[in-house]
Amino acid sequence: EETEEPDASDTEIWTRLAAKKRWTGALGAPRELPGGGKQYDIVLDGAETHIGQVMSEPRAIAAAYGKPITQAYAEPALTGIESAGLLTLLPKNTLEKDREWDGEGIDLSTGTARVGWFPDGKPAHERYFIPMSGVRHTMIAGADGSGKSGLLDLGLGLSVASGIIAPVILDPQVGQALPAWIGHVPYACGVDECMAFLRGLHAALLDRSRYLARLTWRTEDGDERRGMGFFDAHLTGLPIIEI
């Protein structure tokens with residue numbers, strides 16, 4: 001919901017910062033965010049300034065508004081237009097508060113699950129699969145203490161609760177990486193066991209490919225097809241193997 005006029009102090013700070021950094025652009029009307037934050041559209045003169053130039057100065061933006069970079073930051077517009085962006089201003093660090101998993105699993109109609117929250121209070125999703133297309137991969141990276149192991153634990157919980165995903169853990173740390181899951185899902189401990197599991201999984205998934213290449217199945221319209229050039233757990237009745 002937009003207010004009638006932008007906050008004068010916010011726009012004044014932006015104007016001073018833009019002049020200092022030689023950005024050509026202005027802020028639009030603000031939108032209220034959950035928890036009392038505000039988000040402004042950044043409207044740039046694309047011939048003079050693009051959003052990448054603004055985003056390359058996260059410390060300058062945060063310092064100008066007297067906040068840490070987790071509470072005052074710029075990002076691209078959802079449209080992907082390079083002359084547009086978003087400025088988010090938050091009254092507090094919304095990521096400091098732990099949120100326990102509510103047990104909500106993967107949306108089987110979309111293949112996505114909520115795995116966290118963005119600083120502005122909007123949910124962050126991970127895509128596990130696309131119906132009638134196949135599974136999707138995820139890469140997790142972060143500094144020590146940033147929550148990588150916690151995200152893996154949450155992901156495993158989502159997978160097990162889904163009813164269509166079969167997790168398999170390969171742990172070269174001999175069981176130390178995710179010890180709580182030992183005995184609950186197939187778990188390879190140590191390099192030798194991991195390699196044995198990998199060889200077995202590779203052979204099994206190749207066998208699955210041979211099966212899908214010859215499978216007779218029907219589309220949503222009832223048309224019969226032979227051979228499936230994608231993977232869909234619902235259509236095939238086969239679980240997703242998450243390694």
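The model is a predicted one, in which local features need pLDDT of at least 70 and side-chain atom pairs count only at pLDDT 80 or more, while totals for chains, interfaces and linings use all residues. Residues are numbered from 1 along each chain as its sequence is written, and side-chain values use heavy atoms, with hydrogens and water left out.

**The second largest pocket**

This pocket holds about 710 Å³ of space. A pocket is an open set of points on a 1 Å grid over the protein atoms alone, where a 1.4 Å probe fits, with protein on both sides within 12 Å along at least five of seven lines; lining residues have an atom within 4 Å of a point. Its volume is the space filled by probe spheres set on the points, which are joined across faces, edges and corners. Centre the view on Val115, Gly116, Trp117, Leu151 and Leu154, which lie nearest the centre among the 24 lining residues. Strand E5 (112-117) and H4 each supply at least two residues of the lining. Helices (H or I, at least four residues) and strands (E, at least two) are DSSP runs, numbered from the N terminus.

**Helix H4**

Select 148-162 next, the range of helix H4. Its 15 residues should span 21 Å at 1.5 Å a residue, and its end C-alpha atoms are 21 Å apart, which agrees; the expected span is 1.5 Å times one less than the number of residues. Colour Leu154, Gly155, Leu156, Gly157, Leu158, Ser159 and Ser162, the buried residues of H4. Buried means under 20% relative accessible area, exposed over 50%, and partly exposed in between (1.4 Å probe, protein chains only). These buried residues pack against E5, E9, E10 and E14. After H4 comes Gly163, with a positive phi near 85°.

**The largest pocket**

Move to the largest pocket, with about 920 Å³ of space. Of its 33 lining residues, His137, Thr138, Ile241, Glu242 and Ile243 are the closest to its centre. Among the elements that each supply at least two lining residues are strand E6 (123-127), H4, helix H5 (191-213) and strand E14 (240-242). By class, this lining has 22 nonpolar, five polar and six charged residues.

**The nonpolar cores**

Now display the largest nonpolar core, of 18 residues, in which Trp14, Ile42, Val54, Ile61, Tyr65 and Leu87 touch the most other members. Such a core is a set of buried Ala, Val, Leu, Ile, Met, Phe, Trp, Tyr and Cys residues joined through side-chain atoms within 4.5 Å. Helix H1 (8-21) gives the most to this core, with four residues. Apart from it lies another core of 15 residues, including Ile106, Phe129, Phe230 and Ile240.

Select Arg22, in the loop between H1 and strand E1 (25-32). Arg22 is not a glycine, yet its phi is positive, about 60°; at 73% relative accessibility, this residue counts as exposed. Finish at Pro119, in the loop between E5 and E6, which is buried at a relative accessible area of 18%. Pro119 is 29 residues from Leu90 in sequence and 8.0 Å from Leu90 in space, C-alpha to C-alpha.

Key
Ala, Val, Leu, Ile, Met, Phe, Trp, Tyr, Cys and Pro count as nonpolar, Asp, Glu, Lys and Arg as charged, and the others, Gly among them, as polar. Contact means heavy atoms within 4.5 Å.
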